[in-house]
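Biologist: I would like to learn how to read a structure like this one. Could we go through some features in turn, with the general idea before the case?

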Amino acid sequence: METRTSSAVLSPHLVFPPKTTAFPITRHSFSLRAKVIYLRGKLVESGMDGSSSLKPVSATLLIAEKEEAKAVLTLFLKQRGLSNAAAARTISKSDLFLQHLVSRLHVLHKTWYMTGRELTTMEIREALNPYLEALHCQHGDAFIDMILHFPDPPPEVKPSLQILTPELDPDQEKLPGLAIDSIRPRAMARVSETVPAEDLPPHVIYLVELGLDLQKIRVIIRKFPSFAYCSLEGKVKPLVEFLLELGVPKSGIPNILYKRPQLCGLSLSNNLIPTIKYLEELGVDKQKWSKGWPQILTLSIERNLRPMTEFFLEKGYSMEEIAMMIQRAPSLYTFSLSKNLLPKWEFFLSMGYPRSELVKFSPYFGYSLEARIKPRYALMELRGVRLPLNQLLSLSDVKLDKALKAKMKKLEKSDS
């Protein structure tokens, strides 16, 4: 493979240029240089040249962050139509792209790493998902090929590897007999720059008047062509009224619809209202989470909400306690029972904390078990003192060290 000549590919802000643009590096040389980026993202720098106050990266943390990035990418692929098997095959061949995602984390949150603060699972998701969405919007059906061939530019799209953009809902207007690839150009044509404002679809005009930028609507339609055919009276307007009734401010609705356009495809009677009812019966304050966590509305009661609730009920928590846990960490509903909640619960039992600690600090489940929870607990045990769970996990490395020393000093005074 011949070496290319541009210098853009190693940037964590990577956006592929046109295929005619040259690239600077081969796949064989990227792995080593990607590791250099990891170190750069994890070093504490005091000068522009990075020559002072440097601290090396924990190999354990790098491994854990790569696993988190792998989970985010896997979910992203499955949400866009890939089967579990197809997503797994893609992930198994995307090592260089995963390294790139980790390096991006370190650049985006450089100041956090400089102070010893590590990212939680949800913070990693929130950092990577918009980037993946931007890449998917840019590459469309070539998205998977871009991942598989990274850092080289993607080749021509292979039909067998296409991500099929899902239909938003069986109730909405359809184009019978047309494949997604046929729908997308027609959908984009409905909102192209050549279309006069008065000729835009009614629901698009309504959303623009609501405050959703037309360019963002084009981005939505590029990812979800069916959005171009949503019914104003049957889908969009009822959803907006529903969100307003939940307590979402009118100014916040455009951002919600841009981030979660799938909401326009969900049935009020079959999906959204039952979800709200379930959460209200649980005792969750809907106004607290509807503003910051509208994605909960897109989750399934049977696949997401109920299994998590039953998990904690089986562990002896009351409905009131579970409601408090959800309000403090709504992301609990998005975690895997087998891969996240269960292993972290089992380790929590070995830590000797009372069950009430998880009610006070349910964000515990958002921290990496191998990179954060276990190492910090081992350090605390080594020092022979005890800190509240929230301090143990949420403090930076420097502040944690100070807290442990202060606790040890206090313990020494009490013994003397």
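Modeller: We start with a definition: a residue is buried when its relative accessible area is under 20% and exposed when it is over 50%. Keep in mind that this is a predicted model.

Biologist: Which residues of α9 are buried, and which exposed residues sit on the face turned away from them?

Modeller: Helix α9 spans residues 202–210, and His203, Val204, Tyr206, Leu207 and Leu210 are buried in it. These residues lie on the same side of α9 because they cover an arc of only 160 degrees around the axis. The face turned away from the buried side carries the exposed residues Pro202 and Glu209.

Biologist: What do the buried residues of α9 pack against?

Modeller: They pack against α10 (214–223), α11 (232–246) and α12 (253–259). As for the end of the helix, α9 is followed by Gly211, which has a positive phi, near 120 degrees.

Biologist: How many helices and strands does the whole protein have?

Modeller: The protein has 21 helices and zero strands. Of its 416 residues, 47% are buried. Among contacts between residues at least 6 apart in sequence, 65% join residues at least 24 apart.

Biologist: How do I read a nonpolar core, and which residues touch the most other members of the largest one?

Modeller: A nonpolar core is a set of buried nonpolar residues joined through side-chain atoms within 4.5 Å. The largest here has 45 residues, and Tyr333, Met351, Tyr364 and Leu389 touch the most other members. Helices that each supply at least two residues of this core include α13 (268–282), α17 (337–351) and α21 (397–415). Another core, of 34 residues, lies apart from it, with Leu207, Leu232, Val236 and Cys264 among its members. Leu207 is also one of the buried residues of α9.

Biologist: What is Leu389 in contact with, leaving aside its neighbours within four places in sequence?

Modeller: Leu389 is in contact with Phe348, Met351, Tyr353, Glu357, Leu358, Phe361 and Tyr364.

Biologist: Now a single helix residue. Where is Ala69, and what does Ala69 touch?

Modeller: Ala69 is in helix α2. Ala69 counts as buried because its relative accessibility is 0%, against a cut-off of under 20%. Not counting residues up to four places away in sequence, Ala69 touches Leu98, Leu101, Val102 and Leu128. The C-alpha atoms of Ala69 and Leu98 are separated by 6.4 Å, although the two residues are 29 apart along the chain.

Biologist: And in a loop: is Pro151 buried or exposed?

Modeller: Pro151 is in the loop between α7 (143–149) and α8 (180–189). At 1% relative accessibility, Pro151 counts as buried. The peptide bond from Phe150 to Pro151 is cis, with omega near 10 degrees.

Biologist: Last, cavities. How many of 30 Å³ or more are found, and which residues line the largest cavity?

Modeller: A cavity is space where a probe fits but cannot get out. A search of the whole structure finds one of 30 Å³ or more. The largest cavity holds about 70 Å³ of space. Its lining includes Leu61, Glu65, Glu118, Ile124, Ser368 and Arg372. Helix α2 (59–79) and α19 each supply at least two lining residues, and α2 gives the most, with four. By type, the lining divides into five nonpolar, one polar and four charged residues.

Conventions:
Residues numbered from 1 in each chain as written. Predicted model: local features only at pLDDT ≥ 70, side-chain atom pairs only at ≥ 80, totals over all residues. Heavy atoms only, no water. Buried < 20%, exposed > 50% of the residue type's maximum accessible area, 1.4 Å probe, protein only. Contact = heavy atoms within 4.5 Å. Arc of directions from axis to C-beta. 1 Å grid on protein atoms, 1.4 Å probe; cavity = no way out; pocket = protein on both sides within 12 Å on 5 of 7 lines; lining within 4 Å. Points joined across faces, edges and corners; volume = space filled by probe spheres on them. Nonpolar A, V, L, I, M, F, W, Y, C, P; charged D, E, K, R; others polar.
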